[in-house]
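User: Could you take a look at this one with me? I have a few quick questions about how it is put together.
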Number of protein chains: 2
Amino acid sequence: MSAPREARRPGRRSGDSGTREAILTAARGQFAAHGFRGASLRTIAGEAGVDPALIRHFFGSKDDLFDATLEVPHQLVERIKAELAGEPEGLGERLTRTYLGLWEDPATSGPLLALMRSAVTSEPAAERLRAMLGRRLFAEVPALLGRSDGEVRAALIGAHLVGVALARHVVRLPPVAELDLDTLVSYCAPAIGRYLTEPLGAP
Amino acid sequence: MSAPREARRPGRRSGDSGTREAILTAARGQFAAHGFRGASLRTIAGEAGVDPALIRHFFGSKDDLFDATLEVPHQLVERIKAELAGEPEGLGERLTRTYLGLWEDPATSGPLLALMRSAVTSEPAAERLRAMLGRRLFAEVPALLGRSDGEVRAALIGAHLVGVALARHVVRLPPVAELDLDTLVSYCAPAIGRYLTEPLGAP
DNA sequence: CGCTGTTTTCAACGAGTGTTGAATATGGCG
DNA sequence: CGCCATATTCAACACTCGTTGAAAACAGCG
């Protein structure tokens, strides 16, 4: 089934063993699959073909390892901010396509899953998410959009999109999970667009 | 800090000790706070002022206890179905107010939180949620709405509302969490209404 | 009263957790 | 070559977890 099981003796390996990266990759996978609490250092180490003690040597505690995993989402926030700075024509559709597209690519969906699974279960992780979104995204949206109530609009849009991603990729609810990306985008984009431009509140 | 610590000796207690209900209440609280994995039988038992072994005596395994906790959400599904059967005038607003209102009342928000936290982290719980929504809600929506694509519409509405509830009550994202219910409903209701009535897809 | 069934605690097992200190091998520098 | 820093494993500690079998106290019925 898996790699040869000759018990490896201690000591440094030959050549450029990309062990550090292997651990990070395994950690992302496990955090994405089971959340922060559900993922165990022993499983992560096993998947990386490594002793658990090595994780501590490289990263310190389990929390520190989780932090090291959160670099990618930071880049994603930047990507969305860049999108918002573009021309407002068709912004709603581009936004939903970009965001939902991030969930289709395993390379980016992994960290997003990990963040979601962990933020829902552990308060410290939720705090990190709040800080990341609040300080780095919402704070700049009003300026980018040229509207004073941009923060609320951004939050509503985020809530809707996250809800769709959750239904599609976490709970895998049949109707939303089985649509292909293009039709799903065409369904959601109008609502997103209206949150961007139309007046808020009751008519 | 807490109750008197006289070590209680074994044996039945006097009178009608509502212990079974106490365990259920504590379980709901802990599952809501930490999800299925994060909640421990020992903590639940401690909060109910009871030995962990008593949980097994009443409910069996931890999974069985969790199942016993899921009665309330079943009732909530029925409540939403009743709403959908009402007159279509202003249905969007009534729906979002009803659903988001469920999250404001601690009695109903507890089980919802537990379900959400657990469905996101554990696949069996997600399966239960899928079954509950798929069989008991989505299956009947097309008939209730008198539209063939009612299932997709219901899923999109659900995704949006769940996303808002998640932002407001789980992650507690400032803009959405701090609005009072009425304005929040007035912001979201139009989008929900359009998912109910307007043609789906790109213009 | 005595018997039976239910409720309750106790003590413990076995597995899994994060973490730690020490031992061993390799790489690269002087 | 010799030396030090780095990479790697091993063995173990101190917990916590879910689960279990048995014993003790009470309730209610005959």
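User: What pattern does chain A follow along the sequence?
Analyst: Bearing in mind that this is a predicted model, chain A reads α-α-α-α-α-α-α-α-α-α-α-α along its sequence, which amounts to 12 helices and zero strands.

User: And what does chain A span along its principal axes?
Analyst: The C-alpha trace of chain A spans about 70 × 35 × 30 Å along those axes, and buried residues make up 37% of its 203 residues. Among contacts in chain A with a separation of 6 or more, 65% are between residues 24 or more positions apart.

User: Switching to the pair, which rotation superposes chain B on chain A?
Analyst: A rotation of 180 degrees, with 0.0 Å of shift along its axis, superposes chain B on chain A with an RMSD of 0.1 Å. The two copies are therefore related as by a two-fold rotation axis.

User: Which residue of chain B comes closest to the rotation axis?
Analyst: That is Gly163(B), whose C-alpha lies 1.9 Å from the axis.

User: How many residues are in contact between the chains?
Analyst: On the chain B side there are 41 residues, in contact with 40 residues of chain A. Several helices of chain B give two or more residues to that side, including α1 (19-38), α7 (106-121) and α12 (181-197), while α10(B) gives the most, with 13 residues. By type, the side of chain B that touches chain A divides into 26 nonpolar, 10 polar and five charged residues.

User: Why say the copies meet through the same surface?
Analyst: Because 98% of the interface residues of chain B are also interface residues in chain A.

Definitions and conventions:
Residues are numbered from 1 along each chain as its sequence is written. Chains are lettered from A and ligands numbered from 1 in the order in which they are written. This is a predicted model: local features need pLDDT of at least 70, side-chain atom pairs count only at pLDDT 80 or more; totals for chains, interfaces and linings use all residues. Two residues are in contact if their C-beta atoms, placed from the backbone, lie within 7 Å. Helices (H or I, at least four residues) and strands (E, at least two) are DSSP runs, numbered from the N terminus. Ala, Val, Leu, Ile, Met, Phe, Trp, Tyr, Cys and Pro count as nonpolar, Asp, Glu, Lys and Arg as charged, and the others, Gly among them, as polar. A residue is buried if 20 or more other C-beta atoms lie within 10 Å of its own, exposed if 12 or fewer, and partly exposed in between; C-beta atoms are placed from the backbone. Copies are superposed by least squares on the C-alpha atoms of residues with pLDDT of at least 70 in both.
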